[in-house]
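Visitor: Hi, could you walk me through this structure? I'd like to start with a loop and then move on to the ligand.
Guide: Happy to, let's bring it up.

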Amino acid sequence: MNSPPPVPLCAQDYADLARARLDPAIWAWLESGSADQLTAQDNQQAYARLKLRSRVLRPLQGAHTRLTLAGQALRHPILIAPSAWHGLVHPEAEQATALAAAATGTLLVLSAQSGTPIETLAALPAPPTIWFQLYAQARPEDTLALAERAIRAGAQALVLTVDAPVNGIRNAEQRSGFRCPPHIRSVHLDGLSPAQARPTPPGGSPLFDSGLLDVAPTWDTVTWLRQQFPQVPLWLKGILDPEDARLAMQHGASGLIVSNHGGRCLDTLPATIEALPAIARAVDGALPILLDGGIRRGSDILKALALGAQAVLIGRPALHALAVGGASGLAHLIQLLRGELEVAMALTGCRTLDEIGPHVLWDKPGHGSAAAD
Ligand SMILES: Cc1cc2nc3c(=O)[nH]c(=O)nc-3n(C[C@H](O)[C@H](O)[C@H](O)COP(=O)(O)O)c2cc1C
């Protein structure tokens with residue numbers, strides 16, 4: 001008789017089960033960081049370096065994890081990060097992700113590289129709140145069309161990813177031979193014109209001499225997008241430097257997502273939790289801040305909130321849980337993380353998210369010192 005499948009008790013259990021179940025090349029695509037994957041690893045390891053401070057005998061009645069984020073009431077601060085092609089890990093793809101988000105009262109940041117149209121998700125009987133992530137396209141009219149489509153379908157915010165004007169070099173994925181199968185595609189990009197590379201002149205660089213960077217977004221793109229959709233919140237995802245945080249404020253961003261793309265773009269960037277404090281100081285409460293990268297435990301969420309984030313997003317863990325159990329797997333994972341957060345709050349004496357501050361950390365780390373602010 002087969003032994004019963006192990007019951008996942010935490011995010012790592014879901015990761016282990018997903019790895020055992022997925023094709024190795026898909027696992028490599030999902031898991032890879034860029035180059036030596038130091039940033040991808042450090043995103044997680046940096047949480048282990050931060051010790052917590054327990055507080056005892058504090059009154060805890062009335063405790064809860066509710067918050068309001070950009071006018072949106074949420075039951076807890078665990079959001080789903082945008083990631084491409086959920087159909088690679090589960091046949092119900094983004095529909096399963098959306099069901100889990102709705103069931104757990106969180107919001108889904110839908111990737112522009114989703115394999116499921118936003119209209120399909122919005123038409124679910126009980127759709128979740130959806131924010132739409134986009135990359136600036138080579139032609140402004142394509143960026144506009146993408147954003148208009150998302151807003152028409154009900155997206156409550158736009159999330160412009162700014163940290164990936166070029167693809168990171170993910171050697172682990174390259175070694176695996178990963179190729180996206182033809183039945184999985186980024187449906188929102190159908191009909192849009194990708195940037196056209198000029199032939200590289202002899203001895204030239206395929207990146208610098210191809211014209212591809214001529215159409216890369218700049219701060220003017222943010223100003224322009226802000227002007228096109230003045231009523232729609234515009235978040236910038238991929239801010240890691242306090243000076244960029246200040247520029248984001250000046251260019252009309254509604255909120256920031258501190259992110260290094262899960263370590264998938266440039267290796268040896270700092271862990272996001274180490275970049276966060278300097279950004280929080282630069283923003284000084286003027287904008288809401290979210291963080292992603294390396295969140296695997298409820299105590300990680302507590303630490304991110306202690307250092308200035310209002311909420312966090314999970315990337316790979318959501319895909320692991322989806323791979324293992326579809327919508328119910330992902331809903332279960334979010335419940336597990338929320339339960340861990342609640343225990344961490346109770347044991348550090350915090351009744352609400354607002355009560356979580358740097359005092360829950362054992363040392364006030366000299367965090368963020370590398371990023372000048
Ligand atoms: C497989 C995969 C696909 C991703 N696709 C996108 C994407 O389409 N757009 C985007 O802004 N970020 C994308 N990301 C980055 C995530 O939004 C997020 O920043 C990162 O996964 C957070 O780190 P974590 O995986 O440690 O939680 C992707 C990440 C992964 C792992």
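Predicted model: local features only at pLDDT ≥ 70, side-chain atom pairs only at ≥ 80, totals over all residues.

Visitor: What is the phi of A70?
Guide: A70 has a positive phi of about 50°, although A70 is not a glycine. For background, most residues other than glycine have a negative phi.

Visitor: Is D284 buried or exposed?
Guide: D284 counts as exposed, because its relative accessibility is 66% and the cut-off for exposed is over 50%.

Visitor: OK, ligand time. Which residues come nearest to it?
Guide: There are 25 residues around the ligand, and P82, S111, T161, D292 and R316 come nearest.

Visitor: Which polar side-chain atom lies 2.7 Å from an oxygen atom of the ligand?
Guide: That one belongs to T161. Q133 also has a polar side-chain atom by the ligand, 3.2 Å from a nitrogen atom. For Q113, an N or O atom of the side chain is 3.5 Å from an oxygen atom of the ligand.

Visitor: How much of the ligand does the protein bury?
Guide: The protein buries 98% of the 600 Å² that the ligand exposes when taken alone.

Visitor: What classes of residue are in the shell?
Guide: The shell around the ligand has nine nonpolar, 11 polar and five charged residues.

Visitor: Which helix gives the largest share of it?
Guide: α12, with three residues. Both α2 (24-31) and α12 (316-347) supply at least two residues of that shell.

Visitor: Switching to α8: which of its residues are buried?
Guide: α8 covers residues 219-228, and T221, V222, L225 and R226 are buried there. Seen down the axis of α8, these buried residues fall within an arc of 135°, so they line one face of the helix.

Visitor: What does the face turned away from the buried side carry?
Guide: The exposed residues D220 and Q227.

Visitor: And what do the buried residues of α8 pack against?
Guide: They pack against α6 (140-152), β6 (157-161) and β7 (234-239).

Visitor: Now α4. Which residues are buried there?
Guide: In α4, residues 93-103, the buried ones are A93, E94, A96, T97, A98, A100 and A101. Their cover includes β3 (78-80), β4 (107-110), α5 (118-122) and α12. Just after α4 comes G105, with a positive phi of about 65°.

Visitor: Last one: where is Q137?
Guide: Q137 is in the loop between β5 (129-134) and α6.

Visitor: Is Q137 buried or exposed?
Guide: Q137 is buried, because its relative accessible area is 16% and the cut-off for buried is under 20%.

Visitor: What is Q137 in contact with?
Guide: Leaving aside neighbours within four places in sequence, Q137 is in contact with D142, T143, L146, L189, L192 and V215. A polar atom of the Q137 side chain also lies 2.9 Å from the backbone oxygen of Y135.

Note on methods:
Residues numbered from 1 in each chain as written. Heavy atoms only, no water. Buried < 20%, exposed > 50% of the residue type's maximum accessible area, 1.4 Å probe, protein only. Helix = DSSP H or I, 4+ residues; strand = E, 2+ residues; numbered from the N terminus. Arc of directions from axis to C-beta. Contact = heavy atoms within 4.5 Å. Near = heavy atom within 4 Å. Polar contact = N/O pair within 3.5 Å; in protein donor to acceptor, adjacent residues only side chain to side chain. Areas by Shrake-Rupley, 256 points an atom, 1.4 Å probe, with all protein chains shown as cover. Nonpolar A, V, L, I, M, F, W, Y, C, P; charged D, E, K, R; others polar.
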